[in-house]
Amino acid sequence: MVKATWLDRAIGFFAPGAAARRARERAAFEVLTRGYDGAQKGRKTLSWRAGPTSADAEIAHAGPLLRDRMRDLVRNNPHAAKAVSELVSHIVGDGIVPRARTGNGKLDERVNRLFERWAKECDADGHLDFFGLQTLVVREMIESGDGLIRRRRRRAEDGLTVPLQLQVIETDLIDGSKNGPTNGGGVIIQGIEHDAIGKRTAYWMFPTHPGNAVFDPKGALESRPVPASEILHLYEKQRTQVRGVPWGSPVIMSLQNLGSYEEAELVRKRLEACMVGVLIPGDDDGALGIPTQQDNGPGLYDQDGFAVEKFEPGMFVVAHGGKDIKFSQPAITSNYDTYKRSMLHTIAAGFRVPYAILSGDLSQVNYSSSKIGLEGFRRLISAVQWQMVIPMICEPVWRWFVEAAYLAGQIDTLDVPAEWTPPRFYSADPARDVAATIAEVRAGFKSPQEAISERGWNPDDVLREIAEFNQKLDALGIVLDSDPRRITQAGQFQSKPLDQEGQEDG
């Protein structure tokens, strides 16, 4: 609030209108002088360049180079490779598993068994199963920014369980140079075509990877539109953008600098180890009995008197015979570990991976700190699974599968919803976590089926296996202390199986 001065009151007495205008202008000036500190301009921010460009414009300019550099780091930098592998293994793990949930037990069982068989033969390249394709497409997203799956329809005579296969393709196949308006009022942005209302209609793609050393010269680098209904596109939307960027983009330079620093340290240590002792000349040349080539003038010579052209670890060199001996003292770098640990903290933050997971350094970790440190990472992984991988990849693939199975006459309905179960987050103390799960089930906070599904298993399969195993035990007259029908929680033995009310049958 702007306070009125004696001058303001005096002006207001004789000219109220002028006083009001003066007050408004003073208030506006005060607002302009406050604002956000981050938006202030001055000497300290002269080198800070922050343009008002859109996400698509920034990615179109920097995306290809970011992808190339990140791939190079993953190939050659162990920390980048570890970060990508840890993210992929935590997001996908053994696989995000579907189960049909129509409410019709027989139909669910048929669809689930059909999917299990199809999942083993769904890879168009013939190498992976459905869960391996999940790993590959998520890795493409983490490392390159985009994960792409193309639907490959098959014929009935191909002999597949369901006439459908999937092909993971790299984002480089999208023709990023395709930009501009289309005839129908739409627009192409970085090779992705949109209609007049912004819906994706096609991906302009090369028939082969533009980076291949050998390719078909006839139209190999001529992109063609592929219907968007045939492409699944997995990427992280940080803004309203049509393509993604590698997850490690904020720390690409940090990774490069750390690698350069470690290489410089290695070179320095090698140089220090290449010369152990130097014989310093005195008044009497050759006092140590080592011949020298005096005619060659000043220089360094080996023990046979020949000029040294290349240093080797542990060697002695002579300067004109020598009277005294001086040994090189390799410098001790006391801040190497500190610097590397600090840089790894930065890199871990850039990849959104806990430091202990990225570095493998558990020296300062205990059970409590690890639980707290992993909680945020657990939430991140869950968000990626449920907000990105499942809606952008898993659900569309399930719809493709159900459609192909329906058209092939394998099922008689297209209305087959699926329930997805991501892999469980492995624990450092399984006993505590199992006890907590049992408490949640007994309190009614969680169903037994949900607890089983969280571990990546099918509850129906687990219950069927338990029933079959119990029948075998009873037939053979074997009683295990892990059988809750015979052994109570307190450890008391019951001669006959307990019924549902905890009483002995019969």
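Trainee: In which helix do Trp398 and Phe401 both lie?

Mentor: The model is a predicted one, in which local features need pLDDT of at least 70 and side-chain atom pairs count only at pLDDT 80 or more, while totals for chains, interfaces and linings use all residues. Residues are numbered from 1 along each chain as its sequence is written, and side-chain values use heavy atoms, with hydrogens and water left out. Trp398 and Phe401 are three residues apart, about one turn of the helix, and helices here are DSSP runs of H or I with at least four residues, strands being E runs of at least two, numbered from the N terminus. The helix that holds both is α10 (residues 367-407).

Trainee: Are Trp398 and Phe401 buried or exposed?

Mentor: Relative accessible area decides this, with a 1.4 Å probe and protein chains only: under 20% is buried, over 50% is exposed, and in between is partly exposed. By that scale, both Trp398 and Phe401 are buried.

Trainee: How many aromatic pairs does the structure hold, and what kind is the pair of Tyr261 and Tyr339?

Mentor: Rings of Phe, Tyr and Trp (its six-membered ring) pair if their centres lie within 6.5 Å, and planes under 30 degrees apart count as stacked, over 60 as edge-to-face and the rest as tilted. The structure holds eleven such pairs. For Tyr261 and Tyr339 the centres are 4.3 Å apart with 50 degrees between the planes, and the pair is tilted.

Trainee: Which parts does that pair tie together, and how many residues apart are they in sequence?

Mentor: Tyr261 lies in helix α7 (residues 252-273) and Tyr339 in helix α8 (residues 336-351). The pair therefore ties together parts of α7 and α8 whose separation in sequence is 78 residues.

Trainee: Which residues of α13 are buried, and why are they on the same side?

Mentor: Helix α13 (residues 459-476) has 18 residues, and its buried residues are Pro459, Asp461, Val462, Asn470 and Leu473. Taking the directions from the helix axis to the C-beta atoms, they cover an arc of only 165 degrees around the axis, which puts them on the same side of α13. The face turned away from this buried side carries the exposed Gln471, Lys472 and Ala475.

Trainee: Over which ring does the charged end of Arg352 sit?

Mentor: A charge sits over a ring if NZ of Lys or CZ of Arg is within 6 Å of the ring centre and within 35 degrees of the ring normal. The charged end of Arg352 is 4.1 Å from the centre of the ring in question, which belongs to Trp247.

Methods. The expected span of a helix is 1.5 Å times one less than its number of residues.
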